[in-house]
Each structure stands twice: as structure tokens, then as C-alpha cells.
Amino acid sequence: MKIAIVCYPTFGGSGVVATELGIALAERGHEVHFVTYQQPVRLGLLYNNVHFHEVHVPEYPLFRYQPYELALSSKLVDTIKQYGIELLHVHYAIPHAYAGYMAKKMLKEEDIYIPMITTLHGTDITLVGNHPFYKPAVTFSINKSDVVTSVSEALKQRTQEIFEVENEIEVIPNFIDPNKYSSSFTDCQRSLMARDDEKIVTHISNFRKVKRIPDVINIFYEIQKQVPAKLVMVGEGPEKEKAELQCETLGLANKVLFLGNSNEIDRILCFSDLFLLPSETESFGLAALEAMANNVAVISSNTGGIPEVNKEGISGFLSEVGNVAEMAKNAIYLLSDEKVLEQFKKNAKKISQEFSIQNILPLYEEMYEKAYRSRYKNSY
Ligand code: GMT
């Protein structure tokens with residue numbers, strides 16, 4: 001099938017999922033066209049069957065805000081016509097589902113019927129999409145999608161609570177590729193990060209408020225009082241500077257490493273013992289799943305879709321949002337006993353395999369076929 005994928009090209013989870021999905025679809029013989037404003041960060045240059053089309057938004061002095069949706073829908077119309085695209089898959093409702101619908105509608109004028117799948121990722125529903133300024137347009141675009149998928153049961157429920165959704169929402173969880181982690185030879189280069197007697201605790205995110213970065217540091221502050229340890233902070237975002245300051249204030253500066261955005265998170269997770277994800281809300285927690293696939297136990301909050309990924313007392317522990325004391329206590333418990341830690345790490349890896357791309361990809365393909373079959377009676 002010829003598929004156009006629209007996503008954010010940045011380090012956020014939705015972009016990562018869209019990119020990895022596109023690459024996997026291409027490996028299965030589909031022709032995949034990414035349409036976005038920049039080459040997705042996880043997309044290498046050389047893949048068979050993968051194309052990238054950049055959306056340009058011309059500047060004009062009259063514009064206070066550049067009309068990205070307009071440029072995106074025009075680019076979609078051109079790309080779909082030029083390459084004979086058969087299906088459109090948009091990741092993140094805002095503004096992608098809206099722009100996708102406009103493209104679909106324009107194409108119908110030329111008797112081209114393009115089914116559209118919208119995948120909801122989380123903040124497009126729980127934070128941004130919920131805003132009254134966006135809500136009518138988000139509701140409209142969800143209802144005008146031919147198939148709607150959500151990355152967790154929790155997000156599906158939340159969407160149904162917040163919006164007046166008329167169509168079914170199919171849950172298709174996020175995934176990892178176990179083959180990526182199966183190689184027995186991995187040079188973890190642990191010694192670059194910590195002494196042999198130190199444990200390595202990791203956090204990866206886009207350092208937005210919703211990630212509760214101060215909690216990450218406060219949990220680590222308690223950990224290092226009991227267990228020799230280093231904290232590795234990966235990512236960039238608005239809370240990063242404050243976090244650096246907090247580390248200095250707490251006297252942690254030489255125990256915390258801020259690495260910035262990285263395309264090598266597997267190499268970082270490879271030497272990690274514990275992953276911290278104390279988020280305020282999290283529709284799925286892809287970063288936690290990636291940690292688990294790398295043999296890393298997880299201490300997280302119990303919000304949103306995280307309990308569908310991190311299993312209490314098996315792959316890690318879950319606490320109420322903001323319960324730093326309990327998260328620290330559980331982390332210390334895990335890090336203080338080598339045997340217990342090893343068991344949790346093993347369990348984490350095993351659970352991650354339930355989310356293997358081999359299981360998840362066919363679910364998307366099934367949705368594609370369903371949408372394609374009904375393309376002439378789709379909602380316009
Ligand atoms: O977590 C973020 O801030 C990035 C965000 C995104 O849209 O890129 O992530 C969301 O989608 C991911 C992939 O489906 C999920 O794993 C994250 O849980 C979700 N983030 C939130 O719900 C806060």
C-alpha cells in the first residue's frame with residue numbers, strides 16, 4: 001500500500017512511534033511517504049520504500065502566525081496526487097487531523113478518495129486538545145477520521161470522557177523492535193558514566209512541566225543518600241535550566257549528567273539500572289517501554305496509560321503522582337539488592353516483548369485495510 005504519514009519530526013514520543021512504524025511498514029513492502037516540516041529525527045537517510053516530503057511555510061509580513069495547516073494540507077494534496085498515495089495516517093490530532101481532513105476534502109473534488117487514520121497520542125487530548133480554543137476543531141477532526149486509534153486504553157477512555165466522539169476508538173499500543181536489543185554484543189561503556197560501585201539512574205523526556213522534573217531530582221536526591229549512584233538526564237526542554245539549578249542547590253552537580261537530546265538512547269539505557277518517570281500525566285510512556293526493552297526497571301507514577309506498561313512489583317513500582325517519598329523508597333529497595341534488581345530488570349525486558357512490533361504492526365495493517373475498503377463511503 002502507498003501510505004502518507006504525518007507526524008511531528010521531533011524527539012517526542014508521537015514522532016518516534018510514527019517514524020518507527022513507517023520504517024517497519026516499508027520493510028514489509030509498503031511505500032511510505034513522511035510529510036512534515038523537517039526530516040524526522042529517528043529517520044535515517046537511506047531506507048528502501050521511504051520518502052520524505054518537507055512542508056515549507058512561506059513567510060509573509062502580514063502573518064503574525066504562519067499558516068502551517070494550510071501548507072500541510074496543500075503539500076498532502078500534491079504528494080497524494082503525485083505518488084498515487086492510497087491512505088493517510090496522521091499522528092497527533094493537532095493540527096494534523098484537521099489538515100488531513102482538509103486535504104481529503106479537496107481531493108474528493110477531484111474524485112480521489114483518501115481514507116484517513118488518526119492516532120491519538122496523549123497531550124493532543126489530555127492537555128492541548130482539551131483547551132476550549134481547540135476543542136471544537138479537535139472533536140470535528142476526530143469524528144471526520146475514518147479510523148481513530150489510541151495508544152492506550154486509558155487514553156481511549158479519557159478521549160471519550162472529554163470529547164463527543166461519534167466513532168469507535170481502536171487501542172493499538174506503542175511498540176518496540178526486540179531485534180534491536182537482541183544482539184549479545186553491546187559495548188555499554190558504563191565506565192564512562194559511573195564507577196563500578198555506582199548504580200545508574202536515568203530519565204529521558206522533553207523536560208516539559210508534565211514530566212515533573214523536580215520530582216526526578218528529588219527522588220534521586222534521596223537515592224544517592226543511601227546508594228552510590230549517578231543520574232543521567234537525557235533530553236531538552238523548558239524545565240531543563242531549572243533542573244540544573246536544582247541539582248546545584250542540592251549539591252548534586254557532580255552526580256547528575258545532563259546529556260541533551262540524543263539519538264543514542266539505547267546506548268544510554270544499556271548501562272542504566274533504573275528509569276524514573278514520575279509524570280503528571282502520560283498516555284503510554286514510550287520512554288519507559290524503551291527502558292524496559294533495554295533491561296531497565298522502572299519507577300513511575302500510576303497515571304494514564306503507564307500501568308498498562310510498567311507492572312507493579314514486577315517490572316518496577318508505581319506511585320501516586322507527586323509521592324516522591326514512596327518512589328524514592330521503592331527505588332532504594334531495588335537498587336540496594338542486586339538479586340532483586342536483576343529479577344526486576346529481567347521481568348521488565350520480558351514484559352516489553354509483549355509490545356513487540358511483530359505483534360503491533362499487523363493491527364495497524366488491519367486498520368489500514370478496513371479504512372481503505374470503506375473509502376467511498378467515508379465521512380466527508
Ligand atoms: O510525552 C511527551 O511529551 C511527548 C508526547 C508526544 O506527543 O510526542 O508523548 C505522548 O505520546 C507518546 C507516544 O504515543 C506517549 O508514549 C506519551 O505518553 C505521550 N505523552 C503524554 O501523554 C504526556
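**Ligand surroundings and local geometry**

A backbone N or O atom of G285 lies 3.0 Å from an oxygen atom of the ligand, a polar contact in the sense of a pair of N or O atoms within 3.5 Å. The protein covers 95% of the 480 Å² of accessible area that the ligand has on its own (Shrake-Rupley method, 1.4 Å probe). The model is a predicted one, in which local features need pLDDT of at least 70 and side-chain atom pairs count only at pLDDT 80 or more, while totals for chains, interfaces and linings use all residues. Residues are numbered from 1 along each chain as its sequence is written, and side-chain values use heavy atoms, without hydrogens and water.

Turning to the helices (DSSP runs of H or I, at least four residues; strands are E, at least two), the axes of α1 (residues 13–27) and α14 (residues 357–373) come within 11 Å and cross at roughly 85 degrees. Axes are lines fitted to C-alpha atoms over the stretch in contact, with angles from 0 to 180 degrees between N-to-C directions. The two helices are therefore roughly perpendicular to each other (65 to 115 degrees). In α1, E20, L21, A24 and L25 meet I357, L361, Y364, E365 and Y368 of α14 (heavy atoms within 4.5 Å).

Finally, a cis peptide bond joins I94 and P95, with omega about -15 degrees; P95 belongs to helix α3 (residues 93–108).

Conventions
Angles under 35 degrees count as roughly parallel, over 145 as roughly antiparallel, 65 to 115 as roughly perpendicular and the rest as oblique. A polar contact is a pair of N or O atoms within 3.5 Å; within protein, one must be able to donate a hydrogen and the other to accept it, and residues adjacent in sequence count only if both atoms are side-chain atoms.
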